[in-house]
Amino acid sequence: MTVYYDISGLAFRHGPCEVLDSVDLRLSAAELVALAGPNGSGKSTLLNVMAGLWLNYGGHCRLQDREVCYWPRSQIARVVAHVPQQFSVSFPFTAEEVVLTGRAPHGRGAFESAADLRAVKRAMVVTDTLQFRHRRFGTLSGGERQRVILAAALAQEPRVLLLDEPAAFLDLEHQVALWKLLGQFREQGLAVLVITHDLNLASAFSDRIVLLHRGRIVVDAPPAQALTPTWLSEVFHVPVTIGTAPGERPWLRYGI
Amino acid sequence: MGFEDTKKRRALRATAWSAAAAALVLLASPWLGEPLDAGRILARQSPDFEILFELRLSRTLLGMIAGACLSLAGVVFQALLRDALATPYTLGVSSAASLGAVLAIVCNWDQVLGFPAVWASALLFAGAVLCLIIALAAKGMRLSSFTLLLVGITMNSICAALILLLHSLASFTHAFAVTRWLMGALDSASYQALGWLAAGVAAPALVILRLSRQWNLMAFGEVWAAGRGASPRQLLFIGYVSGSVLAASVTALTGPIAFVGLIVPHMLRRALGADHRILMPCSLLLGAAFLALCDALARTATAPVEVPVGVVTALLGGPFFIWLLWKGPRSE
């Protein structure tokens, strides 16, 4: 199995503030990993470092055996697609134009090649967004927007997807649809790391759950082992009850 | 409805139409106004020949270069700041040019380094501010659209204050000249000056146009651009410097002309969409046509008295803008 990310002893500071502290993590092909943790635990920072957006990290963050900080930007974007939490558009771009941006790392020309357009079409078919490709991005619903943004990331034809809370603002149906889609990406061999606050969906769909707490990874295990009441109530400061049925993934109830 | 290469064809078609419109304006607008005798012009007879070529054509050309530069600078600043309300004057370098020009007027300088003092002083001031910001960036200021905007707003305030100060200290005639200059007006210029201007703005304009696809990425935010393999800080820097050179060079020759850099990109974005590969060449060409037409109106509407062209762009563009808003968004 191809290992894409091999992270060890990773540290990151925002000024005096230590955001990440000796983080160890591996991410391989055909894996769907959920990254959870309280607000401010360093989840987005970890994703940004992995995507090569912040280079002044300590320790090691290797992508395909090469430190992320030594990857040229255009090259890393051909392997890794990073989708930030915030995505706002103040101009009347169409859905298709949003997806076209995913092809930027693959060509230096002013216009997309035929191969670029094929990749865009594939990505839009997979995410079921082709029907509104000519609509303005700003007029789409939250769930549609999220799918268009995913299509842009897919159009990049990456090996690794790093998603920062893609399910925020989605209703139940769209959350489940999103996780199913991520499951499909995993089947196609992509390495997917997704930040989420929904531990039930993470438990149902992901291979591993990584729990980040104050910049350290406290748990990195398959859902059945990762979701334990002691860990969760310690990290999230709410009472947690774990439910299990034989042969099923654990589910949890919290706050009550 | 295949997934064929429509983007490129659309861009070429829109650019060709815009170029045709600009060419039409270039050919037609020197003839507007007091009628000229074509026969006398063909025979190179005075004064018709001089009026057409020395006065009206050069003025039209200046208007077209100015309109093109202001529109393109507007589009690139709007993309960098992700704000459709940004103008060529938002980021401060043009105000420095205004300050330089006003200083030259108030101090009654005639020539600086062999050039007309107003132009030279304006360009020197703009260059100084540009160098200051580049130095700040080199010293480690985090170059982001936010810091650029902050510095720009600060520069605008400082320059506006200094201009007011100079204005209040100046004699009555100088104060009037300052006010007049600050309204923004086109005048006939020598072909040599036009040549210098064109040479100065050609390079930054080409740089901006060549990076059209990158401005699309920047319009979605610096993080998005970085995640798609672009270098946001480098692009910010290039866009900022090129746009500033365009806006400041024009400001030195014409004074600040309001509204062109705001309304032309806005109207075209509504008509053609936001893709900068279509928007930028069309803004350049139709911005040129728009300003030249406004100027033709400015010099003919109330002849023999001339209205400053900035007044016409605002009075013509403003109501049209409101009308567009009234009509609501373009149908999907």
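Reader: Let's start in chain B. At what angle do the axes of helix 13 and helix 14 of chain B cross?

Author: Keep in mind that this is a predicted model. The axes of helix 13 (residues 276-300) and helix 14 (residues 309-327) of chain B cross at roughly 110° and come within 9 Å. That makes helix 13 of chain B roughly perpendicular to helix 14 of chain B, because angles of 65 to 115 degrees count that way.

Reader: And is the crossing left-handed or right-handed?

Author: Helix 13 of chain B passes helix 14 of chain B in a right-handed crossing.

Reader: Which residues meet there?

Author: From helix 13 of chain B you have Leu291(B), Cys294(B), Asp295(B), Leu297(B) and Ala298(B), and they meet Val309(B), Val312(B), Thr313(B) and Leu316(B) of helix 14 of chain B. Sorted by type, the residues of this contact are seven nonpolar, one polar and one charged.

Reader: Okay, another pair. How do helix 4 and helix 6 of chain B pack?

Author: Helix 4 (residues 93-106) and helix 6 (residues 145-169) of chain B pack at about 15°, and their axes are 9 Å apart. Helix 4 and helix 6 of chain B are therefore roughly parallel to each other. Their crossing is left-handed.

Reader: What's in that contact, by residue type?

Author: The contact of helix 4 with helix 6 of chain B has 11 nonpolar residues, three polar and no charged. Among those from helix 4 of chain B are Leu99(B), Val102(B) and Leu103(B), while helix 6 of chain B brings residues including Cys159(B), Leu162(B) and Ile163(B).

Reader: Switching to chain A. How many helices and strands does it have?

Author: Chain A has nine helices and 12 strands. Its C-alpha atoms fill a box of roughly 55 × 40 × 35 Å along the principal axes. The radius of gyration of chain A is 18 Å, which agrees with the value near 18 Å for a compact globule of 256 residues.

Reader: What order do the strands take in the open sheet of six?

Author: The order is 6-7-8-3-9-10 in chain A, and the pairing is mixed. Strand 6 (80-83) and strand 10 (216-221) of chain A are at the edges with a single partner strand each, so one side of each has no neighbour in the sheet. From one strand to the next the twist averages 15°.

Reader: Mixed how? Do strand 3 and strand 8 of chain A run parallel or antiparallel?

Author: Strand 3 (residues 31-36) and strand 8 (residues 191-195) of chain A run parallel and are joined by five bridges. One of the paired residues is Ala34(A), whose bridge partner in strand 8 of chain A is Val194(A). Strand 9 and strand 10 of chain A, on the other hand, pair in the antiparallel sense over five bridges. There, Ile209(A) has Ala221(A) as its bridge partner in strand 10 of chain A.

Reader: What's in the turn between strand 9 and strand 10 of chain A?

Author: That hairpin has two residues between the strands, and Arg214(A) takes a positive phi near 50° in it.

Reader: Last topic: how many residues are in contact between chain B and chain A?

Author: 27 residues of chain B are in contact with 29 residues of chain A. On the chain B side, helix 1 (6-28), helix 9 (212-219) and helix 10 (222-227) each give two or more residues. Helix 9 of chain B provides the largest share, five residues. By type, the chain B side divides into 10 nonpolar, six polar and 11 charged.

How values were computed: Residues are numbered from 1 along each chain as its sequence is written. Chains are lettered from A and ligands numbered from 1 in the order in which they are written. This is a predicted model: local features need pLDDT of at least 70, side-chain atom pairs count only at pLDDT 80 or more; totals for chains, interfaces and linings use all residues. Two residues are in contact if their C-beta atoms, placed from the backbone, lie within 7 Å. Helices (H or I, at least four residues) and strands (E, at least two) are DSSP runs, numbered from the N terminus. Ala, Val, Leu, Ile, Met, Phe, Trp, Tyr, Cys and Pro count as nonpolar, Asp, Glu, Lys and Arg as charged, and the others, Gly among them, as polar. Axes are lines fitted to C-alpha atoms, for helices over the stretch in contact, and angles run from 0 to 180 degrees between N-to-C directions. Angles under 35 degrees count as roughly parallel, over 145 as roughly antiparallel, 65 to 115 as roughly perpendicular and the rest as oblique. A crossing is left-handed if the near helix is turned anticlockwise from the far one by less than a right angle, and right-handed if clockwise. Two strands pair if DSSP finds at least two bridges between them. The radius of gyration is taken over C-alpha atoms; the globule rule is 2.2 Å times the number of residues to the power 0.38.
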